[in-house]
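Visitor: Please take one part of this structure and go through it closely. I would like to know what its charged side chains do and what surrounds them.

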Amino acid sequence: ACEFGAYITDSDQSISEHCQLRFNTKGMYFEHDVSLGSGGTQPNNIVLLALTVGSSTTYGVHNYGGSNVTVLGGDIGYNGNNKGSSSCWGFKSECSGLQGGVGASLQGVYFEGNNGLADVIIQNTAARGGNTASSCSHLIEGCTFNRVTGNYSTNCVYVNWDAFAS
């Protein structure tokens, strides 16, 4: 297994269709490389169509600081083998909307059997480079959250805008 199924940094306006990322340590990670300074960008306008992320030992998808990240259809399941750990999840949108005001849009995604705090986490933290997103929009529409046993995620959706705030 690889550490990341996909590691995406400073990407602007990309689309991926029918990607399957399975049996990795971490499924998919988006970020802004702050070492590039003004020469880099937050991940912007990322569209994932019919994405499958499954059986990653830590998490499925981590969107750190990305704006306008859209996931249409697909499934995110059985990620995180450390039951009950807050470092495991299905999809996490953290400190989003820094360059656009819209964080993530999840439409018609099937979530099943993810371990950890939640299938979907929306969280504001102290962002790298000193920026924080005080508010942005997220959309979760037509998604299915399947609770297969009591040993998996404790929440379907967990929202915390005050995490790590000073």
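Guide: In this predicted model, the side chains of lysine 92 and glutamate 94 meet in a salt bridge, with an N to O distance of 3.8 Å. Lysine 92 is buried, and glutamate 94 is buried as well. A search of the whole structure finds two salt bridges. The other joins the side chains of glutamate 3 and lysine 26, at 3.5 Å from N to O. Glutamate 3 lies in the segment before β1 (4–9) and lysine 26 in strand β4, so this pair ties together parts that are 23 residues apart in sequence. Glutamate 3 is partly exposed, because its relative accessibility is 46%. Lysine 26 also counts as partly exposed, because its relative accessible area is 21% and the buried class ends under 20%.

The strands come next. Lysine 26 has a bridge partner in β6, namely tyrosine 59. The two strands β4 and β6 run parallel and are joined by four bridges. On β6 there is a further pairing, with strand β8 (residues 89–94), again in the parallel sense and over five bridges. In that pairing, valine 61 stands opposite phenylalanine 91 of β8. Strand β6 covers residues 59–64, and six of its six residues are buried, so β6 is largely enclosed by the rest of the structure.

In soluble globular proteins, nonpolar side chains tend to be buried together.

Two residues show the surroundings in detail. Leaving aside neighbours within four places in sequence, phenylalanine 111 is in contact with Ile76, Phe91, Leu106, Asp119, Val120, Cys143, Thr144, Phe145 and Asn146. Threonine 70 sits in strand β7 (residues 67–77). Threonine 70 counts as buried because its relative accessibility is 19%. With the neighbours within four places in sequence left aside, threonine 70 is in contact with Ile46, Val47, Leu48 and Ser105.

Some nonpolar side chains are on the surface instead. Ile140, Val157 and Val159 form a nonpolar patch there, and together they have about 210 Å² of accessible area. Of these, valine 157 belongs to strand β14 (residues 155–160) and is partly exposed, with a relative accessible area of 34%.

Most residues other than glycine have a negative phi. Aspartate 10, in the loop between β1 and β2 (12–17), has a positive phi of about 50°. Serine 55, in the loop between β5 and β6, has a positive phi near 60°. Serine 55 is partly exposed, at a relative accessible area of 25%.

How values were computed. Residues are numbered from 1 along each chain as its sequence is written. This is a predicted model: local features need pLDDT of at least 70, side-chain atom pairs count only at pLDDT 80 or more; totals for chains, interfaces and linings use all residues. Side-chain values use heavy atoms; hydrogens and water are left out. Buried means under 20% relative accessible area, exposed over 50%, partly exposed in between (1.4 Å probe, protein chains only). Contact means heavy atoms within 4.5 Å. Patches are made of residues with over 30% relative accessible area and no salt bridge: like charges are joined within 9 Å, nonpolar side chains (Val, Leu, Ile, Met, Phe, Trp, Tyr) within 5 Å. Accessible areas come from the Shrake-Rupley method with a 1.4 Å probe; for residues, only the protein chains shown count as cover. A salt bridge is a side-chain nitrogen of Lys or Arg within 4 Å of a carboxyl oxygen of Asp or Glu. Two strands pair if DSSP finds at least two bridges between them.
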